[in-house]
Amino acid sequence: MVVLEAGPRLGGKILTGSLAGTRLELGPDAFLARVPFGVQLCRELGLDQELVSPAAGHAYLWSRGRLRRLPEGLVLGVPSDLGALARSGAVRPAALARAALDLVLPATRVEGDRSVGEIVSARFGRGLQEWLVDPLVGGIHAGRSELLSAAATAPQLDAAARSGRSLLRALRAQAADARAAAAQATGGAGAAASPVFLTHPAGLSHVVDTLAGRLAAAGAGLRTGTAVTGLSRSGAGWQLSLGDGTALDADAVILAVPAPAAAALLGPVCPEAAASLGRIEHSSVAVVSLAYRAEDVPGPLDGTGFLVPRPQGRLMTAATWMTAKWPHVSAPGQVFIRASAGRHRDERAMNMSDAEVVGGLHAELAEAMGLRRPPQESLVTRWVGAFPQYAVGHLERVDRIEAAVAGLPGLAVAGGAYRGVGIPACISSGRKAADQVAAQLPALSS
Ligand SMILES: Cc1cc2nc3c(=O)[nH]c(=O)nc-3n(C[C@H](O)[C@H](O)[C@H](O)COP(=O)(O)OP(=O)(O)OC[C@H]3O[C@@H](n4cnc5c(N)ncnc54)[C@H](O)[C@@H]3O)c2cc1C
């Protein structure tokens, strides 16, 4: 087996770096524990006992002039308890009153896929959609909730919307079912407080490096700095053209690359899949890591950070209080904050210099949190075209891509472009692709 990686290192969007002598994540900072494939891979690598969960659980919303603690019971930003939402002050009273109409409005017709924003605004009104749901769902995908497919990005919400009249009641019923299932699984002892997110304190790149070590020890070739520039049929197998002008023959190929790269490679051999992949839009994000003197940060930072709703008109989309969220991201006298800018169809940060992005985000952080002086150190990481946008109808598009590729024995696709952008979903996608081509190998080599 050979892994061909265009970049200078393995890991793709998983990238642990360092700021002011402290290791911290420049890409994803954790993975969902509930979707089992991340934990399972770490177990296979002997790393699962070392995983840690965030020290703080709750988050804030920068809303109506100040940071407001988000209430418990949000499902992707959709409230299951309007009383708790009212007490949080996160949305205006008028938006709350409109949201309560969900309980009495006639059923909304649901046919086919719809956007998350459409579902939420139909039941709760635009106030809730724009101030609560958009920052949460939109934040995960660097997207816009009014364009993101509910089936692909919020299946729980999609199911609730189809199950009855009131979305609030359907979500409450889902939560009650989940609690009952958890209680049953723990023999009636109630659901233990299991972590939602996990990470490795040495950095997620450590997980990648450990996996790479295992693969190398098992005889795999790991070739970084090797872009695949072409893919063609070669007998019963495949030929890969490489950036250095050489070629490589393979019985089977898994294209675990972003959609634009997959589209380019599939163009000559599977034009139908290539055309569908080429239609997936992408958004870009600047992740800015900042190291502040502790005395310049009024505390306490009692949460994971805060989200910034789009109507606030800010550059920043979210801020993570890294030091509060992850105790291992700490150094004496310093506070690490990570701010993000950029989302689908908002490329402002991409068109600014590093100094402008840092200055703009620091000014907004100072306004929201009362920071006293600029950061001591900063690091800008630009993730250009990194977030595939799961538009309405995305899953049907993926069905078409996979069906077209399945017509070519020994070829499979995997990664965040298809059925989930989260790390566990990407791992699952890779495993499925590997199983698929492994099952075909005996036939291919005979
Ligand atoms: C800033 C940021 C924060 C995120 N936060 C989280 C989080 O907290 N939790 C979470 O679960 N997920 C998070 N995600 C999402 C998650 O990181 C990604 O969806 C996932 O890592 C994508 O994995 P992938 O293998 O599909 O693609 P990638 O990681 O992009 O890997 C694809 C690889 O293919 C290589 N490549 C491309 N073209 C070629 C070619 N022609 N030849 C050879 N190699 C090629 C690329 O260099 C790259 O290394 C985040 C993403 C970003 C950008």
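How far does a backbone N or O atom of Val421 lie from an oxygen atom of the ligand? In this predicted model, the distance is 2.4 Å.

## The ligand and its contacts

Taken alone, the ligand exposes 1,000 Å², and the protein buries 80% of that area. The shell around the ligand is made of 28 residues. Glu5, Lys13, Ala30, Gly416 and Val421 are the closest of them.

Two further contacts between the ligand and the backbone can be described. A polar backbone atom of Gly416 is 2.7 Å from an oxygen atom of the ligand. For Asp29, a polar backbone atom and an oxygen atom of the ligand are 3.4 Å apart.

## The shell around the ligand

By class, 17 residues of the shell are nonpolar, eight are polar and three are charged. Strand β19 (377–388) and helix α15 (423–445) each supply at least two residues of this shell. The most comes from β19, which gives three residues.

Why does the ligand lie between domain 1 and domain 3? Domain 1 consists of residues 2–8, 36–53, 202–280 and 391–445, while domain 3 covers residues 282–388. Both domains give residues to the shell around the ligand, so the ligand lies between them.

## The second largest pocket

The second largest pocket holds about 290 Å³ of space. It is lined by 16 residues, and those closest to its centre are Glu402, Val413, Arg419, Ser429 and Lys432. The lining divides into eight nonpolar, five polar and three charged residues.

Which elements each supply at least two residues of this lining? They are α14 (394–406), β20 (411–413) and α15. Helix α15 gives the most, with six residues.

Rolling a probe the size of a water molecule over the atoms shows where empty space is left. The structure holds two cavities of 30 Å³ or more. The largest cavity has a volume of about 70 Å³. Its lining consists of Thr108, Val110, Arg114, Ile119, Arg123, Ala160, Ala161, Gly164, Arg165, Ser166 and Leu167. Helices α4 (116–124) and α7 (155–163) each supply at least two of the lining residues. Sorted by class, the lining has five nonpolar, three polar and three charged residues.

The second largest cavity contains about 40 Å³ of space. Among the residues that line this cavity are Thr16, Arg23, Leu24 and Glu25, together with His200, Pro201, Ala202 and Gly203. His328 and Val329 also belong to the lining. Strand β3 (residues 22–25) gives the most to this lining, with three residues. The lining of the second largest cavity has four nonpolar, four polar and two charged residues.

Most residues other than glycine have a negative phi, and most peptide bonds are trans.

Pro300 is found in the loop between strands β15 (282–293) and β16 (305–307).

Ala20 lies in the loop between β2 (16–19) and β3. Strand β3 is also the element that gives the most to the lining of the second largest cavity.

Note on methods:
Residues are numbered from 1 along each chain as its sequence is written. This is a predicted model: local features need pLDDT of at least 70, side-chain atom pairs count only at pLDDT 80 or more; totals for chains, interfaces and linings use all residues. Side-chain values use heavy atoms; hydrogens and water are left out. On a 1 Å grid over the protein atoms alone, a cavity is a set of points where a 1.4 Å probe fits but cannot get out, and a pocket is an open set with protein on both sides within 12 Å along at least five of seven lines; lining residues have an atom within 4 Å of a point. Grid points are joined across faces, edges and corners, and a volume is the space filled by probe spheres set on the points. Helices (H or I, at least four residues) and strands (E, at least two) are DSSP runs, numbered from the N terminus. Ala, Val, Leu, Ile, Met, Phe, Trp, Tyr, Cys and Pro count as nonpolar, Asp, Glu, Lys and Arg as charged, and the others, Gly among them, as polar. A residue is near a molecule or strand if one of its heavy atoms lies within 4 Å of it. A polar contact is a pair of N or O atoms within 3.5 Å; within protein, one must be able to donate a hydrogen and the other to accept it, and residues adjacent in sequence count only if both atoms are side-chain atoms. Accessible areas come from the Shrake-Rupley method with a 1.4 Å probe; for residues, only the protein chains shown count as cover. Domain bounds come from an automatic or database domain assignment.
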